[in-house]
Amino acid sequence: FSSSLALQSAIKNVTVIGGGLMGSGIAQVAAQAGQNVTLVDVNSDILAKAQKSIGNNLGRVAKKIYKDNPQESEKFVTESMNRIKTATDALSASQTADLVVEAIVENIDVKHQLFQKLDQIAPDHTIFASNTSSLSVNEIASVVKRKDKFGGLHFFNPVPVMRLLEVVRGAETSETTYKSMMDWGKSLGKTCITCKDTPGFVVNRLLVPYIAEAIRLFERGDASARDIDIAMKLGAGYPMGPLELADYVGLDTNKFILDGWHKKFPEEQLFKPIPLLNKLVSEGKLGVKTGEGFYKYE
Ligand code: CAA
Ligand code: NAD
């Protein structure tokens with residue numbers, strides 16, 4: 001009974017595991033919302049990099065909120081930064097967590113290893129969530145005993161800017177856990193939608209085949225990359241065209257998701273491998289992060 005009461009109270013202590021692109025954004029938005037955050041990564045250089053980028057991005061947010069008040073702006077940045085601790089040991093960092101959000105590498109075995117250990121050490125009331133883009137939440141949860149306290153919390157890049165949070169209810173996610181996840185998402189200022197544990201949930205189930213079709217269109221020579229992107233920006237009102245977005249998300253990530261789904265659903269035409277995508281990835285042209293993908297970046 002006491003643990004269900006604890007669940008209903010607002011989440012105050014959040015441990016984010018994985019200090020890369022997504023984890024640093026998730027830590028930032030939780031700290032901005034007044035929560036105590038511990039950001040964990042196996043690599044302390046990545047943690048230092050994460051703190052630096054969080055500081056910069058908080059500065060952008062503060063500038064917007066406190067346009068004419070540099071003092072308040074600085075206070076907001078300092079106070080938010082002070083709420084974020086960093087650690088390299090996920091297990092001890094989770095001992096006081098109400099919620100653990102996992103944003104480590106997209107690999108089921110690595111995620112299993114982490115959650116299996118966490119399950120033994122985290123308090124009974126602690127909710128576990130994965131930010132996975134393409135894996136099954138139920139499959140990730142299969143290694144923990146607390147299946148009722150496990151779900152998906154899928155954020156979008158860049159986390160501080162994108163307003164959506166997909167809340168994924170696994171087969172055994174309890175109503176209380178689901179409500180806590182929704183409440184937490186709202187406390188960060190995100191609009192939350194409810195998803196079942198289906199491949200790609202809602203956004204990626206639509207976005208990944210859309211990007212794949214754009215690459216196939218380009219591969220066939222039906223239009224230039226620039227024209228495809230202009231088409232979707234000016235003809236459909238998207239902020240980025242599909243090939244720009246593919247470069248932004250990372251061509252390796254796009255390939256990884258498609259390959260994973262193709263293996264699971266070999267009959268689905270939309271998930272079929274794309275020779276051009278495979279070629280770019282094999283050449284190390286992964287998009288913005290390597291300086292070249294469909295476009296070149298400085
Ligand atoms: N932190 C804080 N603020 C940021 C930021 C960050 N990391 N990045 C951008 N901003 C702010 C800027 O300060 C700017 O604010 P103002 O408008 O108030 O000045 C605003 O966001 C827009 O930024 P820019 O002017 O630099 O650039 P832009 O107008 O071209 O927008 C964008 C950039 C928000 C990325 C926009 O192009 C966009 O929405 N693109 C589509 C992104 C998208 O589809 N993301 C989902 C990818 S799929 C995914 O994430 C799921 C998955 O599992 C793979
Ligand atoms: P990333 O490579 O930028 O960061 C992952 C971090 O996890 C790395 O810093 C790595 O050192 C760390 N890590 C790996 N194993 C660890 C472990 N056992 N313990 C602690 N830290 C560990 O990756 P990312 O883009 O931030 O993606 C993270 C997760 O979020 C993935 O599951 C991905 O599918 C998902 N996701 C990504 C995006 C995106 O656009 N990149 C969007 C939504 C969801």
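Because the model is predicted, local features are reported at a pLDDT of at least 70 and side-chain atom pairs at pLDDT 80 or more, whereas totals for chains, interfaces and linings use all residues. Residues are numbered from 1 along each chain as its sequence is written, and chains are lettered from A and ligands numbered from 1 in the order in which they are written.

The domain assignment of the chain gives domain 1 (2-196) and domain 2 (205-290), with bounds of this kind coming from an automatic or database domain assignment. The centres of the two domains, taken over C-alpha atoms, are separated by 28 Å. Four residues of domain 1 are in contact with five residues of domain 2, contact being defined by C-beta atoms, placed from the backbone, that lie within 7 Å. The side of domain 1 that touches domain 2 comprises no nonpolar, three polar and one charged residues; in this classification Ala, Val, Leu, Ile, Met, Phe, Trp, Tyr, Cys and Pro count as nonpolar, Asp, Glu, Lys and Arg as charged, and the others, Gly among them, as polar.

For residues 200-297 the content is 60% helix and 0% strand, with the end C-alpha atoms 28 Å apart. Helices (H or I, at least four residues) and strands (E, at least two) are DSSP runs, numbered from the N terminus.

Around ligand 1 there are 17 residues, of which N57, S133, N157, P158 and P160 come nearest, a residue being near a molecule or strand if its C-beta atom, placed from the backbone, lies within 6 Å of it. Helices α3, α9 (203-219) and α11 (242-249) each give two or more residues to this shell, and the largest share, four residues, comes from α3. The shell around ligand 1 draws at least three residues from each of domain 1 and domain 2, and by class it divides into eleven nonpolar, four polar and two charged residues.

Helix α3 (residues 44-65) packs with helix α4 (residues 70-82) at an angle of about 145 degrees, with the axes 9 Å apart; axes are lines fitted to C-alpha atoms, for helices over the stretch in contact, and angles run from 0 to 180 degrees between N-to-C directions. In this contact G55, L58, G59, A62, K63 and I65 of α3 meet S73, F76, V77, S80 and M81 of α4, and the contact residues divide into six nonpolar, four polar and one charged.

Two backbone features lie in loops. The peptide bond from N157 to P158 is cis, with omega near 0 degrees, and P158 is found in the loop between β6 (150-154) and β7 (164-169). F201, although not a glycine, has a positive phi of about 50 degrees and is placed in the loop between β8 (191-196) and α9.

How values were computed
Two residues are in contact if their C-beta atoms, placed from the backbone, lie within 7 Å.
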